[in-house]
Amino acid sequence: MSDARKTNVESAQKSVSMKPDNRQLDQKLIDPFGRQIEYVRLSVTDKCNLRCFYCLPKGFKSFENPANRLSYDEIERVIRAFGELGVHRIRLTGGEPLVRKNLAQLSARLSSLPGIDDLSLSTNATLLEGQAEALYAAGIRRINVSLDTLDQCRYAEITGGGKLDAVMQGLQKAREVGFNPIKINMVVMKDAPVDEHQRVMEYCMRHDFTLRFIETMPMGLPGQNGSEQYLSLKKVKQGLDRHYDLVPGLMTGGGPARYYRINGTDFQIGFITPISQHFCETCNRVRISVDGTLYLCLGQEDKVELRTLLRAGISDEALKQTIVDAIAKKPERHEFNQKPNQVVRFMSMTGG
Ligand code: SAM
């Protein structure tokens with residue numbers, strides 16, 4: 001680490017910060033590369049009602065033993081600890097979070113924790129119609145919905161039998177209930193029909209959804225992780241540039257997307273490019289898997305198992321110290337390009 005960066009890290013670690021709820025924190029989570037960790041992505045289940053070929057291969061059976069799943073009490077305890085360390089954004093993910101029972105109850109508990117001011121959800125939306133109202137009432141405001149195509153047959157092919165109609169109903173309900181923003185996450189694929197990006201884009205424009213294109217990441221076993229369908233978003237952008245005047249956009253949201261706006265409109269498109277232009281230097285997040293493992297990087301194996309500590313009766317202070325020590329081991333970056341065949345977990349295990 002350079003001297004300048006060391007000074008930056010040391011002074012940031014010493015500083016006393018004002019968090020959004022104006023509490024005084026004596027410790028922030030700053031990693032060895034000067035990045036402040038303020039965002040936790042929490043996998044509430046590794047199960048999913050879909051089988052997207054790049055995420056959870058057909059026939060996958062190695063789901064976590066339910067006894068090893070963090071209970072809602074345990075999750076609340078861990079997130080409270082993160083909140084006291086300056087994390088203020090939590091995203092519920094999975095697997096498909098809506099397949100876990102009583103998710104709205106958990107959401108209400110997390111959204112009322114001190115310091116947590118942003119609770120969001122990633123979902124495939126197939127079960128959203130029936131749960132949207134309860135989730136909104138529980139404090140979730142922002143949702144991301146995975147949708148890679150508007151063609152029913154292709155949707156069923158990509159997702160291993162998913163029903164596009166259910167997604168559409170879920171999205172409509174989400175709009176009625178008031179979620180804002182609603183973001184559509186579209187994994188781009190080499191073999192997609194030529195007009196697929198444009199079709200999804202026009203659909204999002206009509207419905208006032210923010211669109212984000214995502215490059216496939218080689219997670220899980222080669223041949224089962226979609227890497228053969230990898231398409232650089234540079235190519236997607238070049239294709240769109242022929243039809244639209246895309247200018248740099250403003251929406252940042254603290255996430256990895258670089259946004260463009262169609263000139264003359266408010267419509268924003270995010271480009272999430274883990275492979276063609278990684279964004280690790282701005283990484284502000286860690287992930288907790290369904291079994292309570294704290295993963296420090298999506299593309300590396302560095303981790304700390306919190307469940308065993310919780311069940312062994314760790315104190316709140318020691319839990320916080322464990323988290324602080326873990327953040328000190330956060331890797332600088334993933335190595336998807338350098339080691340494309342390195343087998344890291346399937347995305348559904350970590351929580352995408
Ligand atoms: N079930 C929820 C959903 O559908 O959004 C949340 C979990 S899913 C794992 C979260 C996101 O990860 C989705 O947008 C999905 O497209 C993305 N994803 C899964 N596997 C991926 C891969 N190999 N490369 C890139 N994105 C992936």
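How much space lies in the largest pocket? About 330 Å³ lies there, where a pocket is an open set of points on a 1 Å grid over the protein atoms alone, with protein on both sides within 12 Å along at least five of seven lines, and lining residues have an atom within 4 Å of a point. Grid points are joined across faces, edges and corners, and the volume is the space filled by probe spheres set on the points. The model is predicted, so that local features need pLDDT of at least 70 and side-chain atom pairs count only at pLDDT 80 or more, while totals for chains, interfaces and linings use all residues. Residues are numbered from 1 along each chain as its sequence is written, and side-chain values use heavy atoms, with hydrogens and water left out.

Of the 16 residues lining the largest pocket, Val194, His197, Lys235, Gly239 and Arg242 are the closest to its centre. Two or more lining residues come from each of α7 (196-207) and α8 (233-241); helices (H or I, at least four residues) and strands (E, at least two) are DSSP runs, numbered from the N terminus. Helix α8 gives the largest share, five residues. The lining divides into seven nonpolar, five polar and four charged residues, with Ala, Val, Leu, Ile, Met, Phe, Trp, Tyr, Cys and Pro counted as nonpolar, Asp, Glu, Lys and Arg as charged, and the others, Gly among them, as polar.

The second largest pocket holds about 160 Å³ of space. Its lining includes Arg175, Asn180, Pro181, Ile182, Asp208, Phe209 and Asp266. By class, this lining has six nonpolar, three polar and three charged residues.

Strand β4 (residues 89-94) runs parallel to β5 and is joined to it by four bridges; two strands pair if DSSP finds at least two bridges between them. Ile90 has Leu119 of β5 as its bridge partner. Between β4 and β5 the chain passes through helix α3 (residues 103-111) in a right-handed β-α-β crossover (with the strands pointing away from the viewer, the path from the first strand over the helix to the second runs clockwise).

Four bridges also pair β5 with strand β6 (residues 142-146) in the parallel sense, and Ser122 stands opposite Asn144 in β6. The chain crosses from β5 to β6 through helix α4 (residues 128-137), again in a right-handed crossover. Four of the five residues of β6 are buried, so this strand too is largely enclosed. Val145 of β6 is the bridge partner of Thr123, and Ile184 in β7 is that of Val145.

Six aromatic pairs are found in the whole structure, a pair being rings of Phe, Tyr or Trp (its six-membered ring) with centres within 6.5 Å; planes under 30 degrees apart count as stacked, over 60 as edge-to-face and the rest as tilted. The rings of Phe53 and Tyr54 are edge-to-face, because their planes lie at 75 degrees, with centres 5.3 Å apart. Tyr260 and Phe271 are also edge-to-face, at 85 degrees and 5.4 Å. Phe271 is buried at 4% relative accessible area, whereas Tyr260 is partly exposed at 23%. Phe213, Tyr260 and Phe271 form one aromatic cluster.

How values were computed:
On a 1 Å grid over the protein atoms alone, a cavity is a set of points where a 1.4 Å probe fits but cannot get out, and a pocket is an open set with protein on both sides within 12 Å along at least five of seven lines; lining residues have an atom within 4 Å of a point. Buried means under 20% relative accessible area, exposed over 50%, partly exposed in between (1.4 Å probe, protein chains only).
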